Amino acid sequence: MKTTESDLAFPAAPQTLEFEQSRRAFIRNAATFVVGLAVAPTALPGAQEKPAATTKSTLVGSNIYGWGQYAARDKKKLDVDEVISALRDSGYDYLEAFMDSSNPEENARFAEKLKAKGLQPVSLYTGARIHEAGKAGESVAKILTAAKICKDAGFQVISCNPDPIGREKTDEELKTQVAALTELGEGLNALGMRLGVHHHLPEMASNAREFHYVFRNTKPSVAGFCYDVHWVWKGGIAPEAALKDYGDRVVTWHLRQSRGGIWFETLDHGDVDYALVARIARERNLPRRFTVELAIEDGTRITRSAVENHRRSQEFVRRIFQNA
């Protein structure tokens with residue numbers, strides 16, 4: 001999927017659907033690596049276990065999505081042990097994976113793997129089909145059941161992107177979705193966790209109708225914001241404008257960069273002014289859980305390994321956000 005300057009506001013539906021379908025396919029495939037934790041060893045043979053990282057004011061993590069893309073590009077199997085080790089050695093604090101709501105115990109096993117190699121359980125990502133009246137409650141209940149185990153394992157945030165449906169949702173469907181997000185957020189709060197609502201391009205259609213509707217009809221203390229800076233920017237909202245309107249909701253961040261509208265291989269200077277974002281985050285004392293989410297699309301020029309690109313991205317985040 002190629003992204004051009006003309007796509008930056010509201011890309012054509014086929015491109016949006018192509019991305020969403022490929023991402024959902026990846027989520028389904030990636031779920032197998034979490035299930036595999038049940039039979040995988042906690043640490044590689046001969047590896048020296050490292051104590052869990054101490055509490056820091058700024059946490060820098062990585063989302064599993066980009067690692068899966070690199071593995072597919074190199075025609076290799078995604079090896080979560082290798083990813084965790086690479087992140088530890090590159091100075092990261094956590095790995096954000098996909099929440100397994102069908103097999104809740106696998107989330108706890110994943111947390112143990114992180115801790116065994118010196119990383120922390122911080123956040124998990126999930127989709128949710130919650131726009132259908134009569135069915136949304138079942139989806140919420142399933143996530144909350146898994147979240148109880150996630151909380152006990154040490155996770156702090158569940159980032160949830162309500163499922164897109166190939167068209168804009170009706171007012172009634174959005175009302176159902178908002179009620180479900182409220183129920184989910186209140187349930188997570190009761191567990192001592194936070195909900196971070198995440199967005200991709202479908203929610204940004206028609207002047208970001210769904211994006212704004214969700215936040216304007218929920219409480220900040222209940223429906224937090226997993227601020228994916230680049231996706232919101234790509235949807236036509238300036239990063240500083242999103243922070244002005246919804247900065248009080250931020251619970252965690254997803255960070256990616258592009259140059260000329262094409263995803264760049266590292267998190268660096270480019271289309272999004274991260275120095276400005278970092279300054280606002282510091283001035284407003286916003287939560288500091290920063291998740292690097294590298295990704296590849298048609299036109300992305302790859303000149304280094306996944307490990308090296310993630311190492312450089314981690315250094316960029318600490319340099320920009322800690323020194324802002």
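The model is predicted. The chain has 324 residues, of which 56% count as buried, and its secondary structure consists of eleven helices and ten strands. Eight of the strands close into a barrel with parallel pairing.

**Overall organisation**

- Among contacts in the protein chain with a separation of 6 or more, 82% are between residues 24 or more positions apart.
- The chain exposes about 13,400 Å², and carbon and sulfur atoms supply 50% of this area.

**The barrel**

- The strands follow the order S1-S2-S3-S4-S5-S6-S7-S10 around the barrel.
- On average, neighbouring strands of this sheet are turned by 30° against each other, direction ignored.
- Strand S6 (residues 224-228) and strand S7 (residues 250-255) run parallel and are joined by four bridges; Asp 228 has His 254 in S7 as its bridge partner.
- Helix H2 (residues 64-73) lies across strand S1 (59-63) and strand S2 (94-98), and runs at about 40° to S1.

**Positive phi values outside glycine**

- Lys 75 has a positive phi, near 55°, and is found in the loop between H2 and helix H3 (80-89). Its relative accessibility is 76%, so Lys 75 counts as exposed, the cut-off being over 50%.
- Asn 207 also has a positive phi, near 60°, but is found in helix H7 (residues 205-216). Asn 207 counts as exposed because its relative accessibility is 63%.

**Aromatic pairs and cluster**

- The model contains 15 aromatic pairs.
- Phe 98 and Tyr 125 form an edge-to-face pair, with 5.8 Å centre to centre and 80° between the planes. Phe 98 belongs to strand S2 and Tyr 125 to strand S3 (residues 123-128), so that the pair links parts of the chain 27 residues apart. Both residues, Phe 98 and Tyr 125, are buried.
- Phe 110 and Phe 155 form a stacked pair, with 6.3 Å centre to centre and 10° between the planes. Because Phe 110 lies in helix H4 (residues 105-116) and Phe 155 in the loop between helix H5 (136-153) and strand S4 (157-162), this pair ties together parts 45 residues apart in sequence. Phe 110 and Phe 155 are buried.
- One aromatic cluster is formed by Phe 211, Phe 215, Phe 225, Tyr 227, Tyr 246, Trp 253, Tyr 274, Phe 290, Phe 316 and Phe 321.

**Arginine over aromatic rings**

- Arg 256 lies over the face of Trp 263, at 4.3 Å from the ring centre.
- Arg 259 lies over the face of Phe 264, at 3.9 Å from the ring centre.

How values were computed: Residues are numbered from 1 along each chain as its sequence is written. This is a predicted model: local features need pLDDT of at least 70, side-chain atom pairs count only at pLDDT 80 or more; totals for chains, interfaces and linings use all residues. Side-chain values use heavy atoms; hydrogens and water are left out. Helices (H or I, at least four residues) and strands (E, at least two) are DSSP runs, numbered from the N terminus. Buried means under 20% relative accessible area, exposed over 50%, partly exposed in between (1.4 Å probe, protein chains only). Contact means heavy atoms within 4.5 Å. Accessible areas come from the Shrake-Rupley method with a 1.4 Å probe; for residues, only the protein chains shown count as cover. Two strands pair if DSSP finds at least two bridges between them. Axes are lines fitted to C-alpha atoms, for helices over the stretch in contact, and angles run from 0 to 180 degrees between N-to-C directions. Rings of Phe, Tyr and Trp (its six-membered ring) pair if their centres lie within 6.5 Å; planes under 30 degrees apart count as stacked, over 60 as edge-to-face and the rest as tilted. A charge sits over a ring if NZ of Lys or CZ of Arg is within 6 Å of the ring centre and within 35 degrees of the ring normal.
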